[in-house]
Amino acid sequence: MNNLKVLNDELPAFNGADYFVKHSISGLNFSSGVDMICKQYECFWLVDAILLSELECPPFWESDFYVWTLLRIFDGEAPTCRFELICDDGNGHVIGNTPIPFSDFAYDMLVLYVENDLLYLPAER
């Protein structure tokens, strides 16, 4: 499991966002980099999962910054189609997690940030 396919490692260098997209349900904005990932890898469900987790769980209202990690679950060395969406406070303290029972997402890991109501790639910070 040391050779995870991490999407963040393969993205072109982003230097700030070119534009922002407003989520239709929550009103939260997400960056052009997140929009590109959602379109290219057909994973708008990931934005929805993050936003729903934030709306449903009060601990997410206590800070302006969170790190969201989508991580594939492995069965020994074999990758599965299951993932876990983990939220931490940026210092490694896990706040919550959400099981994703099935996804055809091509990568083993993706890290996104939420800061001041904006979801973005770490490279866009």
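**Close-up views of side-chain contacts**

In this predicted model, a search of the whole structure finds 3 salt bridges.

View 1. Asp-35 is buried at 4% relative accessibility, whereas Lys-39 is exposed at 53%.

**View 2. A salt bridge joins Arg-72 and Asp-108.** The N to O distance is 2.6 Å. Arg-72 sits in strand β3 (residues 65-75) and Asp-108 in the loop between β5 and β6, so the pair ties together parts that are 36 residues apart in sequence. Both ends are buried: Arg-72 has a relative accessible area of 10%, Asp-108 one of 8%.

**View 3. Arg-125 meets Glu-115 in a salt bridge.** N to O, the contact is 3.3 Å. Arg-125 lies in the segment after β7 and Glu-115 in strand β6, so parts that are 10 residues apart in sequence are tied together. Arg-125 is exposed at 58%; Glu-115 is partly exposed at 23%.

**View 4. Ring pairs link Tyr-41, Phe-83, Phe-105 and Tyr-107 into a cluster.** The count of aromatic pairs comes to 6. One of them, Phe-105 with Tyr-107, has ring centres 6.3 Å apart and planes at 55 degrees, so it is tilted. Phe-105 is buried at 4% relative accessibility, and Tyr-107 is buried at 9%. Lys-5 lies over the face of Tyr-107, 4.8 Å from the ring centre.

Conventions
Residues numbered from 1 in each chain as written. Predicted model: local features only at pLDDT ≥ 70, side-chain atom pairs only at ≥ 80, totals over all residues. Heavy atoms only, no water. Phe/Tyr/Trp six-rings, centres within 6.5 Å; stacked < 30°, edge-to-face > 60°. Buried < 20%, exposed > 50% of the residue type's maximum accessible area, 1.4 Å probe, protein only. Lys NZ or Arg CZ within 6 Å of the ring centre and 35° of its normal. Salt bridge = Lys/Arg side-chain N within 4 Å of Asp/Glu carboxyl O. Helix = DSSP H or I, 4+ residues; strand = E, 2+ residues; numbered from the N terminus.
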